[in-house]
Amino acid sequence: MMREWATVVTWQHGVAQVRCEQRAGCGGCHAKQSCGTRILNKLAPETQHHLEVASTLPLVPGQRVEVGITEGSLLRSAFLVYMLPLLGLIGGAAIMQATVGTDPAAACGGVAGFLCARYLARHTHETHNNQLVILQVALPPSSLHVRD
């Protein structure tokens, strides 16, 4: 299970909108200058991601929650985003090339296969298994008091 702490932005009708801050790197080693993850993170201007998570517990803005998603769900998502369109493109082009035998037909088949794969990916990404879940809830900020 992949885990990350996030801050609650809003909570309404059982759905919490949370904000996850992007780290400067993975933190797994000391190769700061040559780390590919760190270089890619510098290129992306957005360092905060807003996500929606179902929550039966009432949450308040500013409260910290730990959200998680299974590794299998991440692999399925990567397959849907990267491999399925590629397979649709190549498969559609191969089918049209084999049946019609012309290059324009292969190009049209490739586009049609890509669009079918895109449609399939859009309609299968919102299954219940691919959703984030709240694993832990920290105390709300209003319940913490500092005494001198």
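Does histidine 13 count as buried or exposed, and at what relative accessibility? At 80%, histidine 13 counts as exposed. The close-up views below are taken from a predicted model.

**View 1. Histidine 13 in the loop between β1 and β2.** Histidine 13 lies in the loop that separates β1 from β2. The two strands form a hairpin with two residues between them. Phi of histidine 13 is near 55°, which is a positive value in a residue other than glycine. The residue is classed as exposed because its relative accessibility, 80%, is over 50%.

**View 2. The open sheet of five strands.** Across the sheet the strand order is β3-β2-β1-β4-β5, and the pairing is antiparallel. The edges are formed by β3 (48–54) and β5 (133–137); each has a single partner strand, so one side of each is left without a neighbour in the sheet. On average, and with direction ignored, neighbouring strands are turned by 45° against each other.

**View 3. Strand β2 and its two pairings.** Strand β2 covers residues 15–21 and pairs with β3 in the antiparallel sense over seven bridges. In this pairing, cysteine 20 stands opposite histidine 49 of β3, and arginine 19 has histidine 50 of β3 as its bridge partner. Strand β1 (residues 2–12) is joined to β2 by five bridges, and these two strands also run antiparallel. Here tryptophan 11 has alanine 16 of β2 as its bridge partner. Ala16, Val18 and Cys20 make up the covered face of β2. The uncovered face consists of Val15, Gln17, Arg19 and Glu21.

**View 4. The largest nonpolar core.** Eleven residues form this core. Among them are Ala16, Val18 and Cys20, the residues on the covered face of β2. Strands β1, β2 and β4 (64–69) each supply at least two residues of the core.

**View 5. The salt bridge of arginine 3 and glutamate 66.** Side chains of opposite charge can pair when their charged atoms come close. A search of the whole structure finds one salt bridge. Arginine 3 forms a salt bridge with glutamate 66, and the closest N and O atoms are 3.7 Å apart. Arginine 3 lies in strand β1 and glutamate 66 in strand β4, so the pair ties together parts that are 63 residues apart in sequence. With a relative accessible area of 48%, arginine 3 is partly exposed. Glutamate 66 is buried, at a relative accessible area of 7%.

**View 6. A nonpolar patch on the surface.** The patch has about 1000 Å² of accessible area in total, and its residues include Phe79, Tyr82, Met83, Ile90, Val111, Phe114 and Leu115. Helices α2 (71–99) and α3 (103–124) each supply at least two of the patch residues. The most is given by α2, with eight residues. Leucine 87, one of the patch residues, is found in α2. It counts as partly exposed, at 46% relative accessibility.

Notes. Residues numbered from 1 in each chain as written. Predicted model: local features only at pLDDT ≥ 70, side-chain atom pairs only at ≥ 80, totals over all residues. Heavy atoms only, no water. Pairing = 2+ DSSP bridges. Helix = DSSP H or I, 4+ residues; strand = E, 2+ residues; numbered from the N terminus. Axes fitted to C-alpha atoms, helices over the stretch in contact; angles between N-to-C directions. Buried < 20%, exposed > 50% of the residue type's maximum accessible area, 1.4 Å probe, protein only. Patch = residues over 30% accessible without salt bridge, like charges linked within 9 Å, V, L, I, M, F, W, Y side chains within 5 Å. Areas by Shrake-Rupley, 256 points an atom, 1.4 Å probe, with all protein chains shown as cover. Salt bridge = Lys/Arg side-chain N within 4 Å of Asp/Glu carboxyl O. Core = buried A, V, L, I, M, F, W, Y, C linked by side-chain atoms within 4.5 Å.
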